[in-house]
Amino acid sequence: MKIKKQYLKLEEDLSEINVGLIRLAKPIPEHELFFFINKINAFKFKRVDDILIKGEYFDHSFSRYQAYDQSSKNCFSFISNKSITSVEKKVQNQLFSDESNVKFLLNLHSDADYILTNSDMFAEFSLILLPENFVFQIQEYPLSSDEELYQLIQYYE
């Protein structure tokens, strides 16, 4: 007679956060964009440590800017969706490899230039004033806890 094994089911983390997708209306250098953003907001964005993703063939860096709003007690972060630098670690010898010298954090939204996050659980992106001529309206996008970007945001916060 076989003994039936029983497993204890642990609770999974099914939390979700909302991020904002930012698309630029026209190509503009990062330093110029954040100059205009800082000009119209009370809080100032500063460049902080880049997000680094290590792959088998390339190491990718994504720029990150942060600002703290005193009135709402909220920390906002802009993260570039497209890698700003890629360092080749070894030569690719496979024809159809998953890795390339350009990487996107959100592959399904490669048209988004920046990902906006905040430290509050409830995303309130209307507190940030964006220059009208350079940026389209912010699109909210939900991230579930099983996605890689969710884990990266939690790690770098």
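The following legends describe close-up views of a predicted model.

Local features are given only where pLDDT is at least 70, and side-chain atom pairs only at pLDDT 80 or more, while totals for chains, interfaces and linings use all residues. Residues are numbered from 1 along each chain as its sequence is written, and side-chain values use heavy atoms, with hydrogens and water left out.

**View 1. Overview of the chain fold.**
The chain contains two helices and seven strands. Their order along the sequence is β-α-β-β-β-β-β-β-α. Helices (H or I, at least four residues) and strands (E, at least two) are DSSP runs, numbered from the N terminus.

Of the 157 residues in the chain, 39% are buried. Buried stands for under 20% relative accessible area, exposed for over 50%, and partly exposed for values in between (1.4 Å probe, protein chains only). Among contacts (heavy atoms within 4.5 Å) with a separation of 6 or more, 69% join residues 24 or more positions apart. The chain has an accessible surface of about 10800 Å², and carbon and sulfur atoms account for 52% of that surface. Areas are computed by the Shrake-Rupley method with a 1.4 Å probe; for residues, only the protein chains shown count as cover.

**View 2. The loop at lysine 73.**
Lysine 73 lies in the loop between strand 3 (58-69) and strand 4 (74-80). Lysine 73 is not a glycine, yet its phi is positive, at about 55°. The relative accessibility of lysine 73 is 57%, so the residue counts as exposed.

**View 3. The pair of phenylalanine 34 and tyrosine 114.**
Ten aromatic pairs are found in the whole structure. Phenylalanine 34 and tyrosine 114 form an edge-to-face pair, with 5.9 Å centre to centre and 85° between the planes. This pair links distant parts of the chain, since phenylalanine 34 belongs to helix 1 (residues 30-40) and tyrosine 114 to strand 6 (residues 114-118), 80 residues apart. Phenylalanine 34 counts as buried because its relative accessibility is 4%; tyrosine 114 is buried as well, at 5%. Rings of Phe, Tyr and Trp (its six-membered ring) pair if their centres lie within 6.5 Å; planes under 30 degrees apart count as stacked, over 60 as edge-to-face and the rest as tilted.

**View 4. The pair of phenylalanine 35 and phenylalanine 36.**
Phenylalanine 35 and phenylalanine 36 also pair edge-to-face, at 5.4 Å centre to centre and 70° between the planes. With 24% relative accessibility, phenylalanine 36 counts as partly exposed.

**View 5. The aromatic cluster.**
Phe34, Phe43, Phe45, Tyr65, Phe76, Phe78 and Tyr114 are joined into a cluster by ring pairs.
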